[in-house]
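Hi,

Here is the structure I promised to pass on to you.

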Amino acid sequence: MTAPVDLRAGELPLRTVQRPTRHDSAVKHVSGSAAYVDDLREPGGTLHVAVGGAPAAAGRLAEIDLDAVRKAPGVVAVLTAADIPGRNDVSPVGAGDDPIFAREQIDFHGQVVFAAVAASREAARHAVRLARVTVEARAPLVTVDQALAAKSLVLPDYGFRRGDVAAALAASPHRRKSQLRIGGQEHFYLEGQVALAVPGEDGDMFVHCSTQHPSEVQHLVAAMLGLPDAAVTVEVRRMGGAFGGKESQAAQWAAIAALGARATGRPCKLRLDRDDDMRLTGKRHDFLAQYDVGFDGEGRITALEVAMASRCGYSADLSSAINDRAMFHAENAYFVPAASVTTRRTRTNTVSNTAFRGFGGPQGMMAAERVIDEIAWALGLDPLEVRKRNLYREGHDVTPYGMKVEDNILPALVETLERKSDYRRRRREVSAFNAESRFLRRGLALTPVKFGISFTTTHLNQGGALIHVYQDGSIHLNHGGTEMGQGLNVKVAQVVAEEFGVDLDRVKITATTTAKVPNTSPTAASSGTDINAMAARNAAAAIKARLVAFAAAAYNAPAEQVALRDNQVFIGNRAIPFGEFVKQAYLARVSLSSTGFYRTPKISWNPAKGGRPFYYFAYGAACSEVILDVTTGEMKVERVDILHDVGRSLNPAVDIGQIEGGFVQGMGWLTTEELVFAGDGRLLTHAPSTYKIPCASDVPEHFTISLWAGANREDTIYRSKAVGEPPLMLAISVFAAVADALHSLAPGAPVRLDAPATPEAIRRAVQSLGAA
């Protein structure tokens, strides 16, 4: 069992980091004054763009009649693939399978075929409805099962194994084999996809865009226009949510807006409405997970074979890395002596699924937790006991993909939450309640999370920053990360303020722009603070080193007697206000500007050779209690207790908010949010009227969150840990609690509950247990 780590010995007290600090835009958020792309003052002559799509999900594009569109009132231009001067593709991996405008092949219902540019948004939207698009349709492949039957794959199969799995399964005292269907999820960011493109001199293009990956948008817009990257600038001040849906998916809309600006010579804005946004952008991948598990009489896993298949949609997008991460988390927190994990990446005639908070990890963990429940049901054991017996531990600490778990705090963390949540007493109470209640059943589950932190695409693990210190002592901060409400900017600003020893209000946060920090990675993989705050710290440290050297020389003092703190520069017994000292340094011609760079150490991953895909793991556990009505399938989450590991939190207020939001979003994925496609490929759940995200009343009345006390063993920024994605997977405890409640109807029988656990899914599970 690994105890919490405290590395504070010999350190000076910190002034701004590791303190609860409000989000830098909090007041603007609640007052409605935070400016998003659609709030920006439109330049004179701005035009508006709307897109028109295919009326079928699969087939050949036979005819496009746009005469009525061109004649519509207010229309200035109509754009098709023929108008693109460069590359008609926005594939994030350069696969060439993500056309901006459809070519001859139609791959999903609503696929963009053309765009209308008009004087108003209403005129453009009205005009696109006048088009006549004819498709020689064929039967689409919509589901994973259909794609598997047709052997339709968007990428090659991939897998890894450890040991002789077949022999280990055959020799296991007990064995269970089944499957779990795991639904997808709509991002449902509050701010939809939007871009404003403004043409400049010499063919340059400036794009305001709601994107997690400004450098990718820059590159793809430039390639589409036939320009060098340096001719395109992309800027992002903030996004109204993203959750992965604006990592690769924002580029198409930015490219169409930029094409309109190029064609007309006027600024062009494209903003999708909610229905179009949901129809035309990718979702979380839905998975079919089939498993065969062997175990002993105490519930310890002896062998596990997991075969997963995902609905990738019509193109590759980021499906390779997403499926890889699902595999990396298919054992979650548990040691598996003999393991085989494979994925099939199916091509379907649906939108191209994409990044979503967790990036495949949640789907892999869902399979792992169902396996644990299956073992517990077969042996008549408490699922928590089975979980604890299978946790990674000393001597059993290497993952199926060969990475050693070096910082395993889960045994201690789980035991702490078990005690703090009063699990044992509540387990007895739940059992007693279910013994007396016919129609209402309670369920209780405590599930762990072990989530790997780093991009598994190794080259993305790098960050950059730019810092200027002005003569009055104010500080200009720019870095490569993007702010989507998660609090990245305030955390980076806290780090910079700490480095200079000044108050946070001296640090001016500025919009992310490719004109200041180039070649940035997406703000994703929970790595935004890890890489960008470290890059900013390095930039600040470079300037600080110059200031210290100047102070030592100017005041004839040893460098070790120079300190920056409390808004002053201390030189021996002398104290000079920071702004005054900076002015002295300027007059002495000391450079007060620096770039900073950081690359994550220790990591490397090659699918063919293996390696270490993650710098470290973030851990957590949640205990959830639910009550459900077996006659209607209605379910309510009554209590949630969370203990989560963020290392030494840079900002506990922001981190707890991320844990709250991530958990509720995960709860929605697993209980209420259901994507439904018609047989012809149309998305039927494309608005809040049919797609149900959680609301305030779904949050349990008893909802407690505690932070694990311990530092990151790796040398991260102030020994903190990532917090963006891991909390979403804590919500698996809710799904497991629902299954626990259902299991009380027929103890010993397996529960066939698929995700999401909607009332309909719960009723189907009840019927499968013969308790209808």
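What distance separates the centres of domain 1 and domain 2, taken over C-alpha atoms? The centres are 37 Å apart. Before the rest, a word on the basis: this is a predicted model, in which local features need pLDDT of at least 70 and side-chain atom pairs count only at pLDDT 80 or more, while totals for chains, interfaces and linings use all residues. Residues are numbered from 1 along each chain as its sequence is written, and side-chain values use heavy atoms, with hydrogens and water left out.

The domain assignment (bounds from an automatic or database assignment) gives domain 1 as 26-34 + 462-599, domain 2 as 47-139 + 187-280 and domain 3 as 287-456 + 606-768.

Now to where domain 1 meets domain 2. Here 21 residues of domain 1 are in contact (heavy atoms within 4.5 Å) with 18 residues of domain 2. About 1,500 Å² is buried between these two domains, and carbon and sulfur atoms give 52% of that; buried area is the accessible area (1.4 Å probe) that two parts lose on being put together, summed over both. On the domain 1 side, Met 484, Thr 514 and Pro 522 lose the most area to domain 2, together 34% of what that side buries.

Helix H1 (26-31) and strand E20 (512-513) are the elements that give two or more residues to the side of domain 1 touching domain 2; helices (H or I, at least four residues) and strands (E, at least two) are DSSP runs, numbered from the N terminus.

Elsewhere, the structure as a whole holds 47 salt bridges. In one of them, Arg 344 and Asp 157 meet through their side chains at 3.1 Å, N to O. This pair links distant parts of the chain, with Arg 344 in strand E15 (residues 339-347) and Asp 157 in strand E7 (residues 153-162), 187 residues apart.

Two backbone details may also interest you. Most residues other than glycine have a negative phi, and most peptide bonds are trans. Asn 567, which is not a glycine, has a positive phi of about 65°, and this residue lies in the loop between strand E21 (562-565) and strand E22 (568-571). A cis peptide bond joins Ala 755 and Pro 756, with omega about 5°. Pro 756 is found in the loop between helix H18 (732-743) and helix H19 (759-768).

Best wishes

Conventions:
A salt bridge is a side-chain nitrogen of Lys or Arg within 4 Å of a carboxyl oxygen of Asp or Glu.
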